[in-house]
Amino acid sequence: MKVAIVGASGAVGQEFLKVLEERNFPIDELLLFGSERSAGRTYTFKGKEIMVKLLQHNDDFKGVDIAFVSAGAGASREYAETITKYGAVMIDNSSAFRMDADVPLVVPECNAEDALNRPRGIIANPNCTTIMMVVVLKPIEQLSHITNIHVASYQSASGAGAQAMAELQQQYSEIVEGKPVTVKKFAYQLAYNVIPQIDVFTDNGYTKEEMKMFNETRKILHSDVKCSAMCVRISSLRSHSEAVWIQTEKPLGVKEVQDALAAAQGVTLQDDPSTQTYPMPLFTGGKDDIYVGRVRKDLANENGITLWLSGDQIKKGAALNAVQIAEYLVKVGNVK
């Protein structure tokens with residue numbers, strides 16, 4: 001198996017290296033690609049030093065079976081044909097192709113089989129907040145069709161990349177030291193603050209991040225569900241959380257939902273109010289699963305359930321989900 005990582009120096013690219021090694025993904029040869037800024041750097045994978053090559057329009061992807069791409073939507077669009085022209089499966093972590101009708105949008109716990117139909121050789125990795133939510137929605141959808149979702153996300157600095165994480169840490173240091181606060185990656189200071197905007201606003205008043213949750217959820221679940229989201233950046237370093245209100249066609253009991261979540265792939269139920277047991281980003285960082293708690297009836301909707309979830313945005317929200325897609329393709333013998 002010949003594997004490539006495009007965008008190897010970024011936060012998700014680095015997570016790809018960790019996840020591939022953790023899960024012992026079958027790799028005979030690993031290639032790393034990046035921009036002019038990162039080309040020439042070396043990273044260690046399974047004890048071997050690998051140098052980052054400059055991403056170019058050439059034949060470097062000849063013989064590559066799977067390419068994990070996390071270099072931004074612009075780079076994905078520009079280099080997709082170069083990456084796939086010799087048969088490599090491009091698993092793309094950007095927003096470039098997610099809503100294209102001929103590109104599957106895949107979360108393995110929900111719709112792994114969609115990955116088998118990829119006419120352009122591209123599989124899209126969904127937005128991180130969508131991935132985390134649909135993993136939890138799927139077992140509930142199997143109990144009763146979900147018609148409406150309201151969700152408020154609490155998204156950590158990690159969602160904006162490694163530089164954003166470093167800036168948040170820098171801001172806290174500057175505040176403690178009484179220095180002027182550096183603000184580059186966000187519209188406002190994030191330390192000791194929350195910012196009710198992620199991505200740019202669209203004409204309907206929702207941000208692109210919020211519209212991703214609406215559109216991507218429908219595509220992944222093959223559903224007519226409507227999702228109204230409020231996405232907020234908070235000052236935690238890593239792991240996103242979401243408060244979710246779900247309306248189903250028939251009323252569901254709390255125990256029924258908890259049992260379904262506890263049995264679901266990729267979900268850990270952490271729900272005991274008597275001992276103040278519930279998921280928090282402080283503890284979900286670095287974990288594979290999406291953690292769920294605070295499951296209860298919605299007091300404003302007799303067909304409603306509300307819950308809280310938390311998960312690692314860089315891991316399951318990005319790199320791990322992509323690697324799980326690749327593992328599924330290997331398992332069913334559908335890499336090329």
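Analyst: This is a predicted model. Two packed helices are described by the angle between their axes and the distance between the axes. Here, helix H4 (residues 128-141) packs with helix H7 (residues 254-263) at an angle of about 125 degrees, the axes being 9 Å apart.

User: How is H4 oriented to H7, oblique or perpendicular?

Analyst: Roughly perpendicular covers 65 to 115 degrees. With an angle of about 125 degrees, H4 is therefore oblique to H7. The crossing in which H4 passes H7 is right-handed.

User: Which residues of H4 and H7 make the contact?

Analyst: H4 contributes Val136, Pro139 and Ile140, and H7 contributes Val257, Ala260 and Leu261. Sorted by class, the H4 contact with H7 consists of six nonpolar residues, with no polar and no charged ones.

User: How do H1 and H9 pack?

Analyst: The axes of H1 and helix H9 (residues 315-331) are 9 Å apart, and the packing angle is about 50 degrees. That angle makes H1 oblique to H9. H1 and H9 also have a right-handed crossing. On the H1 side the contact holds Val12, Glu15, Phe16, Val19, Leu20 and Glu22, which meet Lys315, Ala318, Ala319, Leu320, Ala322 and Val323 of H9. The class count for H1 with H9 is nine nonpolar, no polar and three charged residues.

User: Take one residue from that contact. Is Leu20 buried or exposed?

Analyst: Buried is a matter of relative accessible area, with a cut-off of under 20%. Leu20 has 0% relative accessibility, so Leu20 counts as buried. Leu20 lies in helix H1 (residues 11-22).

User: What is Leu20 in contact with, apart from its neighbours within four places in sequence?

Analyst: With those neighbours set aside, the contacts of Leu20 are Ile5, Phe25, Ile27, Phe45, Phe68 and Val323.

User: Now the cysteines. How many disulfides does the structure hold?

Analyst: The structure holds zero disulfides. The test is whether two cysteine sulfur atoms lie within 2.5 Å. For Cys110, the closest cysteine sulfur is in Cys227, at 14 Å, which is too far for a bond. For Cys231, the closest cysteine sulfur is also in Cys227, at 8.3 Å, again too far for a bond.

User: Are Cys110 and Cys231 buried or exposed?

Analyst: Cys110 is buried, at a relative accessible area of 9%. Cys231 is buried too, and its relative accessible area is 0%.

User: Where is Lys336 found, and is Lys336 buried or exposed?

Analyst: Lys336 sits in the segment after H9. Exposed means over 50%, and Lys336, with a relative accessible area of 55%, is exposed. Beyond neighbours within four places in sequence, Lys336 is in contact with Gly63, Val64, Asp65, Tyr86, Gly87, Ala88 and Arg118. One of these, Ala88, is 248 residues from Lys336 in sequence and 7.1 Å from it in space, C-alpha to C-alpha.

User: What about a loop residue? Is Ser38 buried or exposed?

Analyst: Ser38 belongs to the loop between strand E2 (29-34) and strand E3 (42-45). Its relative accessibility is 6%, so Ser38 counts as buried. Not counting residues up to four places away in sequence, Ser38 touches Ser9 and Val52.

How values were computed: Residues are numbered from 1 along each chain as its sequence is written. This is a predicted model: local features need pLDDT of at least 70, side-chain atom pairs count only at pLDDT 80 or more; totals for chains, interfaces and linings use all residues. Side-chain values use heavy atoms; hydrogens and water are left out. Axes are lines fitted to C-alpha atoms, for helices over the stretch in contact, and angles run from 0 to 180 degrees between N-to-C directions. Helices (H or I, at least four residues) and strands (E, at least two) are DSSP runs, numbered from the N terminus. Angles under 35 degrees count as roughly parallel, over 145 as roughly antiparallel, 65 to 115 as roughly perpendicular and the rest as oblique. A crossing is left-handed if the near helix is turned anticlockwise from the far one by less than a right angle, and right-handed if clockwise. Contact means heavy atoms within 4.5 Å. Ala, Val, Leu, Ile, Met, Phe, Trp, Tyr, Cys and Pro count as nonpolar, Asp, Glu, Lys and Arg as charged, and the others, Gly among them, as polar. Buried means under 20% relative accessible area, exposed over 50%, partly exposed in between (1.4 Å probe, protein chains only).
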